[in-house]
Amino acid sequence: MRANWDLVLEKVVAHQDHAALIDLFELLLTEEERSAIAGRLKVFQALLQADMSQRQIAAEFEISIATITRCSNYLKHMSTQQREKIKNLILE
């Protein structure tokens, strides 16, 4: 399975054209899946910025508390180095 995911990543990285990436993700992911990914990104960004409570995040982005809790727990189990790497990746 890992080799399959690596192929997906290779295809994504190979495209720098925004329109091509939209086409690729529309091919590979349903609207619901794209929405879920976008929501998780927003949750991780909000949690890392630490500006809002989990309830505020849920209300602001219309995301379930369960999803926010999963994201929060994932961040809690990261090493400091991993967390900083993720911050740099998604907050800039």
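**A first look around**

A: Let's start at Ala 50, which is found in the loop between α3 and α4. This is a predicted model, where local features need pLDDT of at least 70 and side-chain atom pairs count only at pLDDT 80 or more, while totals for chains, interfaces and linings use all residues. Residues are numbered from 1 along each chain as its sequence is written, and side-chain values use heavy atoms, with hydrogens and water left out.

Q: Okay, what's the phi of Ala 50?

A: Ala 50 has a positive phi of about 55°, although it is not a glycine. Most residues other than glycine have a negative phi.

Q: And is Ala 50 buried or exposed?

A: Ala 50 counts as exposed because its relative accessible area is 61%. The cut-offs are under 20% relative accessible area for buried, over 50% for exposed and partly exposed in between, with a 1.4 Å probe and protein chains only.

Q: Which other residue has a positive phi near 55°?

A: Glu 62, also a residue other than glycine, has a phi near 55°. Glu 62 sits in the loop between α4 and α5, and it counts as exposed because its relative accessibility is 74%.

Q: Zooming out, how many helices and strands does the protein chain have?

A: The protein chain has six helices and zero strands, so the helices and strands here are DSSP runs, numbered from the N terminus: H or I with at least four residues for helices, E with at least two for strands. The C-alpha trace spans about 35 × 30 × 25 Å along its principal axes. Of the 92 residues, 20% count as buried.

Q: Tell me about α3. How many residues does it have?

A: Helix α3 covers residues 31–49, so 19 residues, and reaches 27 Å from its first C-alpha to its last, close to the 27 Å expected at 1.5 Å a residue. That expected span is 1.5 Å times one less than the number of residues.

Q: Which residues of α3 are buried?

A: Gly 39, Val 43, Phe 44, Gln 45, Ala 46, Leu 47 and Leu 48 are buried in α3. What covers them includes α4 (54–61), α5 (65–76) and α6 (80–91).

Q: At what angle do α3 and α4 pack?

A: They pack at about 145°, with their axes 11 Å apart. Axes are lines fitted to C-alpha atoms, for helices over the stretch in contact, and angles run from 0 to 180 degrees between N-to-C directions. The contact (heavy atoms within 4.5 Å) is made by Lys 42, Val 43, Ala 46 and Leu 47 of α3 and Gln 54, Ile 57 and Phe 61 of α4.

Q: New topic: where does Thr 67 lie?

A: Thr 67 lies in helix α5, and it counts as buried because its relative accessibility is 14%.

Q: Last one: where is Glu 92 found?

A: Glu 92 is found in the segment after α6.
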